[in-house]
Amino acid sequence: YQQTSVEGRWVGWQVPEGTAPKEGWPFIIIYHGWGLMNSQYCWYAENWYSYGLFFKAQTVEKFLEMGYGVLTPDSDEQTTYWETNQTPYASSSLSLWNVSQDNYEVDWLLDNCAKGTFGPCNPNQVHSIGFSSGAYMSGRMAVNYPYKFQSISVLSGSFYYCYGATCSTQIADQLPSATWSPPLHPRTFFTHGTNDSLVPYWSSALYNDYLKNHSVTTIRKSFENMPHQWPPTAADDLYSWVEHGTVPNVTTA
């Protein structure tokens, strides 16, 4: 893989081997969990790593093999989490996000994709995947970057503004209904373990049900007795979702 930085934040990236399509490679952006920086836990993993990080590395490998570029940014190295559900950004005032450092980084990633900094990149085929803190960040992509992401995936997370057991629909209800409806809100895939002690299992169901009530295409895949981690089938599930909008052997709840 290759690496660069933006405002002191590490960014890893790679494109597939071979000739890119005329429009450029489709891309995924992966947002990491709290303390699980992409610079440390993304491009290499052992199968004994915590939080299912081996399955994360498998996911990167799968997308590259199947013709997708991969972008793996780091959050602030001091906090090691994303700002999306922190004060003052955990709000229905979406414009507040514009001054965040995370927003600067996301804008930089999207702009440089379009410019070809990461090789031939198709800016019209970018997808967001996030786990834990990164899952809430993936949700942020849906509301602050209209039409920039063709799909989002929320692994052990919920709405962009909440965390843990604090999740409710109160802030979502303050936003226009169109925010949570097609075409503004892209199709969304959720994964969650029923034994998650950090992010309650019900909180992803709350977001999933809210989107379904607004006619957004969603799939929520539950993993019985799984704790807070990347799921074992992440590589195949996420690729299938991004490429086809379906998930093999899915169990919805």
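The model is a predicted one, in which local features need pLDDT of at least 70 and side-chain atom pairs count only at pLDDT 80 or more, while totals for chains, interfaces and linings use all residues. Residues are numbered from 1 along each chain as its sequence is written, and side-chain values use heavy atoms, with hydrogens and water left out.

Other cysteines do find partners. A disulfide is a pair of cysteine sulfur atoms within 2.5 Å, and a search of the whole structure gives two of them. In one, Cys113 is joined to Cys121, with an S to S distance of 1.7 Å. The torsion about this S-S bond is about -70°, so the disulfide of Cys113 and Cys121 is left-handed. Cys113 is buried at 3% relative accessibility, and Cys121 is buried at 7%. In the other, Cys162 is bonded to Cys167, S to S 2.1 Å; with 80° about the S-S bond, this link is right-handed. Here too the ends are buried, Cys162 at 2% and Cys167 at 6%. With the bonded cysteines numbered in sequence order, the pairing reads 1-2, 3-4.

Aromatic rings come next. Rings of Phe, Tyr and Trp (its six-membered ring) pair if their centres lie within 6.5 Å; planes under 30 degrees apart count as stacked, over 60 as edge-to-face and the rest as tilted. By this rule there are 25 aromatic pairs. One of them joins Tyr41 and Tyr49, edge-to-face at 6.0 Å centre to centre and 85° between the planes. Tyr41 is partly exposed, at 27% relative accessible area. In another pair, Phe63 and Tyr239 have ring centres 5.9 Å apart and planes at 70°, so they too are edge-to-face. This pair links distant parts of the chain, since Phe63 lies in helix H1 (residues 53-65) and Tyr239 in helix H6 (residues 234-244), 176 residues apart. Helices are DSSP runs (H or I, at least four residues), numbered from the N terminus. Both Phe63 and Tyr239 are buried. One aromatic cluster is formed by Phe159, Tyr160, Tyr161, Trp180, Phe190, Tyr207 and Tyr210.

Rings can also have a charge above them. A charge sits over a ring if NZ of Lys or CZ of Arg is within 6 Å of the ring centre and within 35 degrees of the ring normal. The charged end of Arg140 is placed this way over the ring of Trp97, 4.1 Å from its centre. Arg187 lies over the face of Trp241, 5.0 Å from the ring centre.

Note on methods
Buried < 20%, exposed > 50% of the residue type's maximum accessible area, 1.4 Å probe, protein only. Helix = DSSP H or I, 4+ residues; strand = E, 2+ residues; numbered from the N terminus.
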